[in-house]
Amino acid sequence: ANTWGSFDWPEHWQLAKDLGAKPLGGIEVGQIRGLSARFQRDNKELTFLFRQIFGANRAPKPALEGAQPGGPSIGQVRSLKVPLLCITGDEDIVFPSVLVQGLAAEVPGAE
């Protein structure tokens with residue numbers, strides 16, 4: 001799994017709702033998922049480049065609007081035996097830092 005949305009942890013989705021996190025389907029029209037609104041506003045050339053690269057990927061984009069069926073359980077994630085680095089950004093409206101920090105707290109040795 002490469003995003004919080006791939007995990008089936010309903011209690012954390014409730015926390016996300018309580019914090020006002022937006023599901024990917026709730027991002028404003030015209031905004032690119034994966035880039036903050038400020039980045040898009042301040043970096044027009046890089047945003048254009050991202051759109052071109054993103055547009056070349058014709059693979060379906062998952063909705064990620066709640067806990068994902070079939071995703072790993074919290075117990076499975078806690079039992080990981082590989083290094084886990086959790087990266088977050090202050091402007092992430094889909095997966096706020098507190099949720100990513102919560103993920104790191106659930107996995108022994110995660111950073």
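Mentor: Let's start with a term: a residue is buried under 20% relative accessible area, exposed over 50%, and partly exposed in between, using a 1.4 Å probe and protein chains only. This is a predicted model, where local features need pLDDT of at least 70, side-chain atom pairs count only at pLDDT 80 or more, and totals for chains, interfaces and linings use all residues. Residues are numbered from 1 along each chain as its sequence is written, and side-chain values use heavy atoms, leaving out hydrogens and water.

Trainee: Okay, is Leu 35 buried or exposed?

Mentor: Leu 35 counts as buried because its relative accessibility is 16%. Leu 35 sits in the loop between helix 1 and helix 2 (37-42); helices are DSSP runs of H or I with at least four residues, numbered from the N terminus.

Trainee: Which residues does Leu 35 touch?

Mentor: Contact means heavy atoms within 4.5 Å. Leaving aside residues up to four places away in sequence, Leu 35 touches Gln 40, Thr 47 and Phe 50. Thr 47 is twelve residues from Leu 35 along the chain, with 8.1 Å between their C-alpha atoms.

Trainee: And how many residues does the largest nonpolar core have?

Mentor: Such a core is a set of buried Ala, Val, Leu, Ile, Met, Phe, Trp, Tyr and Cys residues joined through side-chain atoms within 4.5 Å. The largest one here has 13 residues, and Trp 9, Val 77, Cys 86, Leu 103 and Val 107 have the most contacts inside it. Helix 1 (10-19), helix 4 (74-78) and helix 5 (97-106) each supply at least two of the core's residues. Helix 5 gives the most, with four.
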